[in-house]
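Dear colleague,

Please find below the sequence and structure that I am handing over to you.

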Amino acid sequence: MIILPMLESEIGFHLNILNEKNILKGAKGYDKAINIASIYKNDFKNLFLEIRRDKKEENLIENDLITLSKETNIPLIASTNIFYLNKEDYIYKDALECIESNKQFDDVHREYDIGEFYLKSKEEYEELFKDLPEALENNKVLEEINLEIPLGNPTPPTFKFTKEYAKKEGLEIDSDVEYFEYKCKEGLKKRLKKIPKELHEEYKKRLEYEIDIIKKMKFPGYMLIVWDFINYAKDPSRHLRGDGNKIPVGPGRGSAAGSLVAYALEITNIDPIKYGLLFERFLNPERVSMPDIDVDFCQERREEVIEYVQKKYGKENVAQVVTFGSLLAKGVLRDIARIFGIEYSTADKFVKLIPDKLGITLKEAKELEPKIQEIVNEEPLYERLYSFGEALEGLKRNTGKHAAGVVISDTKLWEKSPLYKQDENDDFHTTQYSLNYLEPVDLIKFDFLGLKTLTVIDKAIKNIKQNQNKDIDIDDLSLDDEKVFKLIQSGKTLGLFQIESDGMQDLAKRLKPENFEDVIAMLALYRPGPMDAGMLDDYIERKHGRKEISYFFDEFEEVLKPILKPTYGVIVYQEQVMQIVQAIGGFSLGEADIIRRAMGKKKADLMAKYAEEFATRAAKRGFSYENAKSLFNLIEKFAGYGFNKSHSAAYAMITYQTAFLKTYYPTEFFASLLSYEADNTEKIAKYIDEAKSMQIEVLPPDVNKSNYEFTPVKNKILFGLSAIKGVGSKAIESIVTNRPFSDLEDFILKIDTSKVNKKVLEQLIKSGAMDSFGYSRKTLLQNLENMLEFKKRIEDRKNAINHKNSLFADIVEENEVEEKLEINITDEFDTKTLLDGEYETLGFYVSAHPLDPYKEEIQKIKYNLSSEIEEIIGKEALFIGKVESMKVRISKKGNKFAIVSIMDYHGKFEVMVFERDLNILNEMDKDKPIAIKAYVDKVGEFLRITCKKIMPLNEAANEKAATKEEVCLIEFNLSENYEEELIEIYNKLTKNPGNKKAILHLKTPFGYSFKVTTNIKTSIN
């Protein structure tokens, strides 16, 4: 049955020629409409024309539609739009549309809802179409519609290119299963070249076992799809675009690293047998579920892989996944206040009465905060605002795209999910079903994640090639390099993946990892559960021989030692729990995984059942029933703290790679880190300090040498031109493409001053980027107008010559254009002015630091840096720095206080100083650094540092610095669905409780970025 919509169909489009947009798009009127109707009638049985009486626009074509129906014998069917249930609800739909279109609700010129889009009664329908009883009668055909959408039991995907790929390899294969098995075995042959021969049989047996399970579960196609897009990333010859280099892919993520098949297919790059990783943690033959392989790609090139998948499988078979933004309590009130024309500050005061509770409703808010009900009862403005808010709360506000999810379908996606485009120019479809509804409709999601560390590693490798002409294969490193482990043991782990926090630096010094297994354990143990349970300390004490290594009961030692020896007898991983259940209880690994999962749910009756079964089975295997039951209770406790070793091992590989680069190629590594973090001034300050501590000099930018990003030059790092504030990409392009510059005149004549304008030149000079021309910065700034006038005169003369169109133009040009740039030489600025210029343009002091003359004295004091402020909220801290400026104020009570700007090695910050300490400060020499004991607090979103004591450096040695709180910095690019995204971040943080304070570094779709310090303590790295 086909029902052609009244206005939206092709017939309605051609009939509606009073709509100007339709005319512009090619609407041809009645004759064209009847022609198309005839075509439809020939092609389809049970064809109907919809007729509606909701809008004025429908009335304009109604007579033509009725006539067309009679002429073509295509029956009419009565219909109406339903946007809300009750007639009086039209005002809320109006409000929702105003929020979307950003119009004022009380604007008399906007288009209003006429209040007819409600669910009408049978009598109302009959009255509406009383002149067209046959159209009403035809509604009965709708009773024949019986739509069933089968849900659940998703079909594993197939790899549609098997025959094509096999043929290229000279194979006659057309089945996924056969080709999958062939690629696995070929891949293992390649891997076995680096594995001792005596172990080959073990690897072959494991591969056969995994292949057999994957075949039984019908997942060869899925594995080949993942293999193909990862292979694409790693093979530059296949790239649709790019720079001729591989797209970096992570060594693995999650439980997929436990699969030898994934290792053989080079989906992952960590040997699961060598590191005791289990396939059943990835695919459990005892519990059928879809595989889930998440893949990390270089952050900057992830989109290339998604683009490949779209082109490979077709636009109609690949889509991204929708997310929905909802109108939640505070957000809906702010939106309604905006369309009601209420001042932001007025609305904000009212909205802030809503308690800060995640997921709170407006109804709940009134119950928790009586003042809301009081204001609503007394003031009609707020009563109206709140009633509209309650009506709209929970509705979807807008749509967005899932950050990583992509679905690939064997058939056209529209057969499984409704689709849409975010905008007309969007080249990618998006499913209208959100994440949780994909698998039930037979769609499988693949996650393409961007990992910034892969980008940093990639840039570092390119830097090494450029600076030292060496090729580094980062995926083929020896994992037993003593120098690499010594770096980690030293605690100098700043910049290293997952272990650069203060807590991890301290752990590295205590644990002193000596092998790769220790690094895996570091990542797994540094979480609140294991730390609170004493597992971390136990691991360290056993590792260093200060505590005896035991295996619970003597009778279990022989069996458990191979499982627990790498972790000194401590159960660290979920895989170890599974292996113990298998080794002592005789369960299969699949059964053991089910028991491990059950342990996490902590259901007493289920645990009692499994404990009994475990002890009984152990007894049959010759072990003590009582000891086995005690062991089960112990491993049940550890299971709650155990971490997925597959994931930890894969990420430990990235940790090791960054440690290798920092050990052997620190200049290139730091240049890469600085380039990536160019917008994060706190991190830049820390990385520059760390680089300097490793005897790496960081030089100011140079128009003749600097590239867009930070550049390694032998054992020095040159600032990137992009790090100079106010110097855009077009200006940089003009500089880089016209190099080299022999002198200042050559520079001025070559650059495009419409891009490298006066303001850009000022920034270049202040940053030191033009020092290489041999003039002082003061000279260059004072001659800036002179330089630009010189450039203009030369260009004007050239243009005049070109317009002469003379045979002798070249001769005239040589004679007339000859002019030299004259520069009036002056002395240099004082050091403070020079350094202020650097700070203004770069955000840092590069050539020197105002505190350098006092560095030796400062280093003797344990103090807090400005970059640590977010980590010491609620504590008294000790700061050391120079006074930059003072703004003296008088309080309402008549007391004097000042806002004092302090500069230290990592930046600038403001301190509130009250009269007593202000008097002391006024007596001090402000050209010298001072020490300030201050309380760090946060009021709303604003930091407040209040001075408690001011003193000279020589009195600060006995003062205590604040102990830094562990911090988890979450960087996230918000879409317009920010409220749901923030809830998702909140849920992720709270589901992983720990000892690190979560700080959000958020970037809006409009280019703004800001930090939010939360009170959430999490274990996420």
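**The chain as a whole**

Please bear in mind that this is a predicted model. The chain has 1021 residues, and 50% of them count as buried. Its secondary structure consists of 42 helices and 20 strands. Along the principal axes, the C-alpha trace spans about 100 × 95 × 80 Å. As for contacts between residues at least 6 apart in sequence, 67% of them join residues that are at least 24 apart.

Six strands make up an open sheet with mixed pairing, and their order is 4-9-6-5-8-7. Its edges are strand 4 and strand 7 (419-420), each of which pairs on one side only. In general terms, the strands of a sheet are held in pairs by backbone hydrogen bonds, in either the parallel or the antiparallel sense.

Strand 9 shows both senses of pairing. With strand 4 (residues 294-298), strand 9 pairs in the parallel sense over five bridges. Within this pairing, Asp-294 stands opposite Asp-447 of strand 9. With strand 6 (residues 396-408), strand 9 pairs in the antiparallel sense over four bridges. Here Val-406 has Phe-446 of strand 9 as its bridge partner.

How many of the eight residues of strand 9 are buried? Seven of the eight residues in strand 9 (residues 444-451) are buried, and the strand is therefore largely enclosed by the rest of the structure.

**Cavities**

Empty space inside a model can be found by rolling a probe the size of a water molecule over the atoms. A search of the whole structure gives two cavities of 30 Å³ or more. The largest cavity holds about 60 Å³ of space.

Which strand gives the most to the lining of the largest cavity? It is strand 4, with three residues. The lining includes Ile-293, Asp-294, Val-295 and Asp-296. Sorted by class, the lining comprises six nonpolar, three polar and three charged residues.

Is Lys-662 buried or exposed? Its relative accessible area is 0%, so Lys-662 is buried. The side chain of Lys-662 reaches the backbone oxygen of Lys-492 at 2.8 Å. Leaving aside residues up to four places away in sequence, Lys-662 touches Leu-487, Lys-492, Thr-493, Leu-494, Leu-496, Phe-669, Phe-670, Glu-690 and Met-694.

*Thr-841.* Helix 39 (residues 831-842) contains Thr-841. Thr-841 is buried too, with a relative accessible area of 0%. Beyond residues up to four places away in sequence, Thr-841 is in contact with Ala-723, Ile-724, Lys-725, Gln-763, Lys-766 and Ser-767.

*Met-6.* The loop between strand 1 (2-4) and helix 1 (10-15) holds Met-6. With a relative accessible area of 1%, Met-6 is buried, because the cut-off for that term is under 20%. Residues up to four places away in sequence excluded, Met-6 touches Gly-12, Glu-50, Ile-51, Arg-52, Glu-58, Ile-61, Glu-62 and Leu-65. From Met-6 to Tyr-40 there are 34 residues in sequence and 15 Å in space, C-alpha to C-alpha.

*Val-967.* Strand 18 (residues 967-973) includes Val-967. When residues up to four places away in sequence are not counted, Val-967 touches Glu-870, Glu-871, Lys-996, Lys-997 and Ile-999. Val-967 and Thr-1013 are 46 residues apart in sequence, and their C-alpha atoms are 9.7 Å apart in space.

With kind regards

How values were computed: Residues numbered from 1 in each chain as written. Predicted model: local features only at pLDDT ≥ 70, side-chain atom pairs only at ≥ 80, totals over all residues. Heavy atoms only, no water. Buried < 20%, exposed > 50% of the residue type's maximum accessible area, 1.4 Å probe, protein only. Helix = DSSP H or I, 4+ residues; strand = E, 2+ residues; numbered from the N terminus. Pairing = 2+ DSSP bridges. 1 Å grid on protein atoms, 1.4 Å probe; cavity = no way out; pocket = protein on both sides within 12 Å on 5 of 7 lines; lining within 4 Å. Points joined across faces, edges and corners; volume = space filled by probe spheres on them. Nonpolar A, V, L, I, M, F, W, Y, C, P; charged D, E, K, R; others polar. Polar contact = N/O pair within 3.5 Å; in protein donor to acceptor, adjacent residues only side chain to side chain. Contact = heavy atoms within 4.5 Å.
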